[in-house]
2 protein chains.
Amino acid sequence: MESIIIRTPVTESEIRIGEAWENVSGKLPSSGVVLITDDNLKKIYGSRFPDFPVLSIRPGEESKSLETAGRLSAEIMDLGIDRSGFILAIGGGVVSDLAGFIASIYMRGIRCGYVSSSLLSQVDASTGGKNGVNLGGVKNILGVIRQPEFVICDPRMLLSLSEDEYLSGMAELIKTAIIGDTELFGILEEQYAEIKSRNVDLLELLVTRAVRFKARVVTEDEDEKGLRRILNFGHTFGHAFEAGLAIKHGFAVASGMVLASAFSVEKGFCSEEDNFRIISLLKKFGFQLKQAVTPGMMEKLILHDKKKAGSDIFFVFNKGIGDATFMKIPVGELSHFYSRQNI
Amino acid sequence: MESIIIRTPVTESEIRIGEAWENVSGKLPSSGVVLITDDNLKKIYGSRFPDFPVLSIRPGEESKSLETAGRLSAEIMDLGIDRSGFILAIGGGVVSDLAGFIASIYMRGIRCGYVSSSLLSQVDASTGGKNGVNLGGVKNILGVIRQPEFVICDPRMLLSLSEDEYLSGMAELIKTAIIGDTELFGILEEQYAEIKSRNVDLLELLVTRAVRFKARVVTEDEDEKGLRRILNFGHTFGHAFEAGLAIKHGFAVASGMVLASAFSVEKGFCSEEDNFRIISLLKKFGFQLKQAVTPGMMEKLILHDKKKAGSDIFFVFNKGIGDATFMKIPVGELSHFYSRQNI
């Protein structure tokens, strides 16, 4: 069991990796608790949930809406939950993004914690305090940054994920390795087979490394005024693929990283050799490298990306493997770069 | 012109009292600004608004909804406003509560400032960073606490208020005097006629005193874990009247203060003499002292008040005039007290 603390000016958040999720009961107040989960997870784990009211949403990105946030808030109000209440999210990124957002705004903020059930959320979404809902097809346009009191990452929960869900999370793990952890990249390359077969001890190690890196970044720059931007590696093109093709986040990010790494080679940040290792690793895990989005569509999609500042976008470049940097790039240059790739 | 600064762990907010509202232009960035106002204010002041896109809502509490917040956010997105954007609210409490909420969650928070146009918002709503929307008839159930960069309180704007709006704000001014400013109470008693006729210099003085007091309280306890609770004086019964009778906030608070002061006498916090002065001042301004809500209805309404913790409520008592305290009171005791008043 590994415990990683994220300290920010006003909060302290504990990420526990390798903790049995059932132990969450010991971290909850004795009353005023409400659980938020999705229908799939309720089916699998519901019988072992702590004994509190459960609000369940339909699985999938469509539930991350202002309407769902309003509906759940009304139900929480009807349950008599007040300022001393506690929201426990049990689920992946959709559940924790939505529940964290509600906890941030309900009565101007009540306590919350997450049991993180997917690989994507364990290595990325549930750490760092970003939460939110989508609006008009644009992801996470409404939300806040607020740390949950704790996040429990139980690698045994990853055994019940579908292959697609598991693979989608793997993309963010590979991202972490590329931008900040050379050694992790080596483990992914070498122990590929055990990872594919979901060796629980190995998964605990991988999640721990990813969270440790992200915690360091978030502690230094919670508000994403600088360093935190590197976590968006692969996400500029990735978000465009995700929005345009309605594919899973990780699959979109994987293809986005292929482009970002190629752009990094062009800019002189990354060697051809390192780029080749990145492509090879993504292929090995079975990621599709290219996506069917036309250059014209790409520009339109990027202009809707919420990380743009004016007509420039902070674009993240990998400096080989294990380091990254970012700079403002005009949207025009990005779409020009994209149109030069043979899609 | 008076400048009062609210410093919290992560922000600094400047309240400028006596500043001409038109000077707000000098405080805005040169691009990426959007104005949020209401139809009435747009009619009166629109021709002198700074030259940026204007989103106008229907005046009144009904606009403080999650739906309006979502609709305006979508419009802001369509205007191409990104993380570097700025929301300027021009209006009373409804406009600043709504605009401040949107600014707090849009792209996880963008810059904002207020031009505060009503007496209620100048002396209370726009200072302190509380924002939010209503849900299912319960006020401000969803929101956050986040300070705007600045608030401009131009007393000349108060000249265009209706008598009702003006009087409604006066209740919060009287509240401030009761809980924290003996001298202000004296001014209200003595200079009643000039205040009624809206002497602008006098209004600047009154607003300044109210903001100075509130700023001190908010600086000490932004998150309302302690001291800030005293600002809810008159609001437990007040919110119940407001929700049950759909009357203006200030009118509801005035009647709520009558009850709170009587309860304070019962508890030994306030003398009969001070209570008499309070009642007299409220009468002088023309406030209705009692409201037609049955004891049974009252208990139901109070249980929906968002400040309750379990079955107890933090109730604020005035210690005579110029000081206040709070303690947890069981809801049952409150409704019992209420049923003893001859309503």
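Biologist: Before we start, what should I know about the numbering and the model?

Modeller: Residues are numbered from 1 along each chain as its sequence is written, while chains are lettered from A and ligands numbered from 1 in the order in which they are written. The model is predicted, so local features need pLDDT of at least 70 and side-chain atom pairs count only at pLDDT 80 or more, whereas totals for chains, interfaces and linings use all residues; side-chain values use heavy atoms, with hydrogens and water left out.

Biologist: Thanks! How much area is buried between chain B and chain A?

Modeller: The size of an interface is often given as the accessible area lost when the parts come together. Here the buried area (lost accessible area, 1.4 Å probe, summed over both parts) is about 2900 Å², and carbon and sulfur atoms give 62% of that. On chain B's side, B:Met77, B:Arg83 and B:Arg108 supply 26% of the area that chain B buries against chain A, more than any other three residues.

Biologist: How many residues does each chain bring to the contact?

Modeller: Contact means heavy atoms within 4.5 Å. Chain B gives 34 residues and chain A gives 34 residues.

Biologist: And how many salt bridges cross the interface?

Modeller: A salt bridge is a side-chain nitrogen of Lys or Arg within 4 Å of a carboxyl oxygen of Asp or Glu. The rule finds two across the interface of chain B and chain A. B:Arg83 forms a salt bridge with A:Glu224, their closest N and O atoms being 3.1 Å apart.

Biologist: Which residues have the most contacts inside the largest nonpolar core?

Modeller: Such a core is a set of buried Ala, Val, Leu, Ile, Met, Phe, Trp, Tyr and Cys residues joined through side-chain atoms within 4.5 Å. Buried means under 20% relative accessible area, exposed over 50%, and partly exposed in between (1.4 Å probe, protein chains only). The largest core has 202 residues, and A:Met170, B:Met170 and B:Leu188 have the most contacts inside it. Leaving aside residues up to four places away in sequence, B:Met170 touches B:Leu119, B:Leu188, B:Ile195, B:Phe285 and B:Phe287.

Biologist: Is B:Glu224 buried or exposed?

Modeller: B:Glu224 is buried, at a relative accessible area of 6%. Its phi is near 55 degrees, a positive value in a residue other than glycine.

Biologist: What about B:Ala246: buried or exposed?

Modeller: B:Ala246 counts as exposed, at 68% relative accessibility. Phi of B:Ala246 is near 55 degrees, again positive in a residue other than glycine.

How values were computed:
Buried area is the accessible area (1.4 Å probe) that two parts lose on being put together, summed over both.
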